[in-house]
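Welcome! Let us take a friendly walk through this protein, one region at a time. Please have a look at the structure first.

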Amino acid sequence: MKKLNYLLMAFVALLVISCGEDNKVKAPEITDFETYKDAVTNMELQFPKGWIKATEPGSRFASYSTKEARIEFLNIGRTMTEEDIPGAKFDVMTIEKKDTVKMEDFINNHKIFDPAIYSAPQTVTIDGVPATKLTYSFDYKVTKYFGEMYVVTKDTKLVTVIYFEVIGDAYETLKPKFQEILKSFKVGVQPSKEKKVITKEADPPSSTFKAAKGNGFSIQIPDNFRMSGSGNSFTISGDRRGDCVVSISIQDAKGNSLDKILEQNAKLGTFSKTTLGGTPAGVANYKSKADLDSKIYFAVKDGKIYKVFSTYYKPEA
């Protein structure tokens with residue numbers, strides 16, 4: 001599977017949980033829509049009411065059917081469990097395209113997975129202008145992964161890439177809803193260089209910390225952050241950025257030593273020895289975007305594996 005090239009902008013909540021006794025994925029609820037308008041590009045769209053959303057004006061809009069589904073999508077390719085989380089996502093990115101880049105190359109560069117799984121490009125219409133559509137699907141853990149990708153531009157300068165993706169058997173059920181969203185879509189354009197847009201950002205992490213406890217661990221976190229989750233899955237996040245998060249999962253080590261766990265996860269990176277809360281651990285840098293620093297830790301204690309994934313935005317390190 002090709003390395004993900006998503007810009008992680010959505011905060012995650014809750015780690016991997018079981019998708020049900022029969023692994024049968026239920027279709028996410030879409031009964032109504034809300035409207036979002038980007039203050040920078042004037043892009044306008046509808047998204048399912050009640051879905052989790054994250055936005056960065058002028059750059060991205062993302063919406064997930066549940067908090068649990070959001071962590072599953074963001075952890076694709078790096079989770080240890082074979083269970084999956086049912087759900088769907090609607091993800092929109094607006095990207096400035098250089099004149100020297102051909103649209104065909106631009107589209108190929110924004111394929112998330114192995115290019116071989118994508119359909120041949122189809123020409124469709126979005127907001128009255130021609131757009132390119134591709135579909136893709138593959139076996140994913142105990143179920144299937146389906147996706148639709150759309151690429152459209154009004155001014156040839158700012159290109160909008162739209163992804164609809166579904167984990168499980170709800171794709172056919174949700175397709176008509178995806179089409180409703182596309183019919184409502186207003187393609188954004190590159191803002192004038194003279195136009196100044198002021199957006200309010202959330203506060204950075206507080207310098208005052210508070211204690212948080214989970215299943216077999218405790219941790220100090222900024223007092224304007226929150227830890228969510230229960231059982232074997234926890235996530236720590238704030239409101240300023242969607243790419244600053246710590247997620248923690250606990251699993252049965254099944255008698256495996258730390259060295260064995262690191263060997264089993266060698267595909268995630270080159271591990272070096274460290275400690276986590278005084279317990280021997282391994283840590284590796286996780287390959288991500290150039291402006292993100294991501295690390296993954298493994299520790300084994302009392303027969304349990306503690307996996308900690310952390311990521312943050314380098315310019316605000």
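## A turn to start from

D302 is found in the loop between β17 and β18. Helices and strands here are DSSP runs (H or I of at least four residues for helices, E of at least two for strands), numbered from the N terminus. At 73% relative accessibility, D302 counts as exposed; exposed means over 50% relative accessible area, buried under 20%, and partly exposed in between, using a 1.4 Å probe and protein chains only. Although D302 is not a glycine, its phi is positive, at about 50 degrees. Most residues other than glycine have a negative phi.

N42 is another residue to look at here: it is not a glycine either, and has a positive phi of about 70 degrees. You will find N42 in the loop between β1 and β2. With a relative accessible area of 38%, N42 is partly exposed.

## About the model

This is a predicted model, in which local features need pLDDT of at least 70 and side-chain atom pairs count only at pLDDT 80 or more, while totals for chains, interfaces and linings use all residues. Residues are numbered from 1 along each chain as its sequence is written, and side-chain values use heavy atoms, with hydrogens and water left out.

## The protein as a whole

The protein has four helices and 18 strands. Of its 317 residues, 47% are buried. Its accessible surface comes to about 15900 Å², and carbon and sulfur atoms hold 48% of that; such areas come from the Shrake-Rupley method with a 1.4 Å probe, and for residues only the protein chains shown count as cover.

How much of the contact between residues with a separation of 6 or more links residues 24 or more positions apart? The share is 54% of those contacts, where contact means heavy atoms within 4.5 Å.

The largest nonpolar core has 27 residues, and L45, F90, I126, I162 and F185 have the most contacts inside it. A nonpolar core is a set of buried Ala, Val, Leu, Ile, Met, Phe, Trp, Tyr and Cys residues joined through side-chain atoms within 4.5 Å. At least two core residues come from each of β1 (33-37), β2 (44-48), β5 (87-96), β7 (129-140), β8 (143-153), β9 (158-167) and α3 (171-184). Helix α3 gives the most, with five residues.

Leaving out residues up to four places away in sequence, L45 touches E34, T35, Y36, F61, F90, V92, S184 and F185. A second, separate core has 24 residues, including F73, F106, M149 and Y163.

## An enclosed helix

Helix α1 covers residues 67-74, and six of its eight residues are buried, so the helix is largely enclosed by the rest of the structure. The buried residues are A69, R70, I71, E72, F73 and L74. They pack against β3 (52-56), β4 (60-64), β5, β7, β8 and β9.

Strands count as paired if DSSP finds at least two bridges between them. Strand β15 (residues 272-276) runs antiparallel to β16 and is joined to it by five bridges, with L276 opposite T279. Two residues lie between the strands of this hairpin, where G277 takes a positive phi near 60 degrees. Strand β16 (residues 279-286) has six of its eight residues buried, so it is largely enclosed by the rest of the structure. On to β17: six bridges join β16 to this antiparallel strand, and Y286 stands opposite S294.

Ten bridges join β17 to β18, again antiparallel, and L292 stands opposite Y313. These two strands form a hairpin with two residues between them, and D302 sits in the turn. Strand β18 (residues 304-313) is mostly covered, with eight of its ten residues buried. Eight bridges also join β18 to the antiparallel strand β14 (residues 245-252), where S249 stands opposite K307.

## A buried charge

D293 belongs to strand β17 (residues 292-301). Apart from neighbours within four places in sequence, D293 is in contact with N285, S310, T311, Y312 and K314.
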